[in-house]
Amino acid sequence: MKPRTEIEKKLVRLAVKLPTVTDRQKRWAFDNCFHPEAIYTRRGYKVKCLCCGSETVWDKTFLDSFVDVDQYDCPECGRSMPLRMKTKGQRLSKAAFFSVITTFRGYQLARTFEVIRDNSGRFTEYSIHDIFQNWILDDGKEIITGCPHHRSPFALGFNYNGEYGIKQHNPSTSGYYQMDDLFDICGNHLYPQAKVTPLVRRNGWSQRLMVYRNSIAMTDAIAWLLKCPTAEMLCKTGQLDLFRHMVRNADYQLQFLHSVRIANRRGYIIEDASMWLDMLRMASRLGLDTHNPSIVCPADIKEAHDRLLPRIARLERKEKMQTDRQKAIGAEDAYRKAKAAFFGICISDEDININVLPTVTEILEEGNAMHHCVFTMKYYNRPDSLILSARDSKGNRIETVELSLKTFKVLQSRGVCNQLSPHHNRIVSLVESNASLFRKAARHQKAI
């Protein structure tokens with residue numbers, strides 16, 4: 001894309017004038033962007049180090065001993081590396097992205113290079129090419145410049161000598177293929193020494209932020225320091241994991257900021273931001289005071305987090321019961337209208353009493369006591385089912401019975417946790433032997 005604004009045109013001109021990568025940076029990239037590895041071929045018993053390109057011919061017995069231990073020490077470069085057998089069609093050359101945080105003409109930027117290790121010939125050759133730059137302006141705005149490139153699900157290439165232009169973050173999906181954002185430097189091999197402008201340093205930049213290079217882009221970290229006062233405060237007070245959480249979630253308004261200030265006053269560093277915030281959310285939901293230092297600054301975040309979990313579970317059960325009770329109250333009229341003729345039917349056999357449950361609230365209580373789904377699955381709404389409760393002479397629940405109002409047969413009879421009680425067959429027989437009571441009530445219900 002061609003530059004349109006004055007600042008874009010200026011940065012494109014500056015991108016062409018950027019100095020070449022230093023020898024020290026180049027050496028670091030060549031040494032750290034690729035995993036050391038060696039390959040061997042059975043034909044000729046050759047072992048080749050892909051780091052330096054040296055090739056050695058080994059005796060068959062000696063080579064087999066190396067293959068057994070799966071490790072090789074290159075006599076030329078001295079590196080220890082895994083040893084793999086070369087497969088047919090295996091591509092030995094590799095490319096990687098290498099980024100450097102630096103400044104140029106008063107601007108903050110991240111330069112990204114494509115580093116290539118070419119093992120297609122007899123010797124290993126390394127090359128490095130400047131491909132794009134992420135410029136961060138003083139207001140936190142990001143402008144990307146770079147050389148032309150082409151990308152598909154199968155290939156990615158750069159025209160190193162092409163005309164520079166403006167780029168945009170471009171995560172995209174092509175058919176069944178998901179392609180990552182090419183201009184996001186998160187996860188790139190990052191040069192460990194960063195150079196920043198005085199403004200970025202004033203706003204809280206610390207070399208310790210480089211530890212998070214694989215979870216947040218350093219360009220995003222710098223931009224947030226320039227545009228967000230809360231991010232600046234977090235870095236200056238050492239709350240780096242909270243800063244990482246804030247940037248990663250694009251959370252401009254950090255929740256529980258008052259608790260962060262309390263932690264800062266007490267010199268408390270939050271090591272696990274996500275768990276700490278979850279703990280405070282649970283505490284707030286339970287009505288606890290998130291201004292209380294004993295809650296905000298626990299000695300063990302995990303222990304404090306796990307201690308609140310059972311209380312949250314109890315609260316959720318209580319809220320669910322309240323919600324279910326409201327549903328039950330709302331369904332009472334319809335249930336009474338549909339099943340009123342069956343209310344009052346009671347079947348007894350010595351020490352077992354079986355009654356029709358006359359309200360939806362009692363069906364709810366039956367389900368909670370017996371730990372089954374008679375209320376959850378809305379059996380009270382089924383026009384051809386009738387719910388009965390079988391209890392002993394002391395009133396203890398034994399089983400919950402579902403009776404079909406079409407066949408007047410027991411569809412199911414369940415005890416606690418859907419298990420069958422010792423009295424199961426007796427209960428089923430007792431209900432079905434009194435089917436005439438339910439037939440008579442059903443005819444009366446139709447007459448109504």
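1. A salt bridge here is a side-chain nitrogen of Lys or Arg within 4 Å of a carboxyl oxygen of Asp or Glu. By this rule the count comes to 22 salt bridges. The model is predicted: local features need pLDDT of at least 70, side-chain atom pairs count only at pLDDT 80 or more, and totals for chains, interfaces and linings use all residues. Residues are numbered from 1 along each chain as its sequence is written, and side-chain values use heavy atoms, with hydrogens and water left out.

2. One of these bridges joins the side chains of Arg117 and Glu37, at 3.3 Å from N to O. Arg117 lies in strand β7 (residues 107-118) and Glu37 in the loop between α2 (23-32) and β1 (38-41), so the bridge ties together parts that are 80 residues apart in sequence. Helices (H or I, at least four residues) and strands (E, at least two) are DSSP runs, numbered from the N terminus. Arg117 is buried, at 0% relative accessible area, and Glu37 is buried too, at 16%. Buried means under 20% relative accessible area, exposed over 50%, and partly exposed in between (1.4 Å probe, protein chains only).

3. Asp351 and Arg426 form a salt bridge with an N to O distance of 3.0 Å. Asp351 is in the loop between β16 (346-349) and β17 (352-356), and Arg426 is in helix α13 (residues 424-433), so parts 75 residues apart in sequence are tied together. Asp351 is partly exposed at 33%, and Arg426 is partly exposed at 27%. A network of salt bridges links Asp349, Glu350, Asp351 and Arg426.

4. In the salt bridge between Arg397 and Glu366, the N to O distance is 2.7 Å. The pair links distant parts of the chain, 31 residues apart: strand β19 (residues 397-404) holds Arg397, and helix α12 (residues 360-370) holds Glu366. Arg397 is partly exposed, with 30% relative accessible area, whereas Glu366 is buried, with 0%.

5. Which residues of helix α6 (residues 229-236) are buried? They are Thr230, Ala231, Glu232, Leu234 and Cys235. Their cover includes α4 (198-202), α5 (218-227), α7 (240-248) and α8 (257-265). Thr230 has a relative accessible area of 15%. Leaving aside neighbours within four places in sequence, Thr230 is in contact (heavy atoms within 4.5 Å) with Met246, Leu254 and Leu257. After α6 comes Gly238, whose phi is positive, near 85 degrees.

6. Ile216 is in the loop between α4 and α5 and counts as buried, at 3% relative accessibility. Its C-alpha atom is separated by 5.6 Å from that of Cys186, 30 residues apart along the chain. Not counting residues up to four places away in sequence, Ile216 touches residues including Cys186, Phe243 and Val247.
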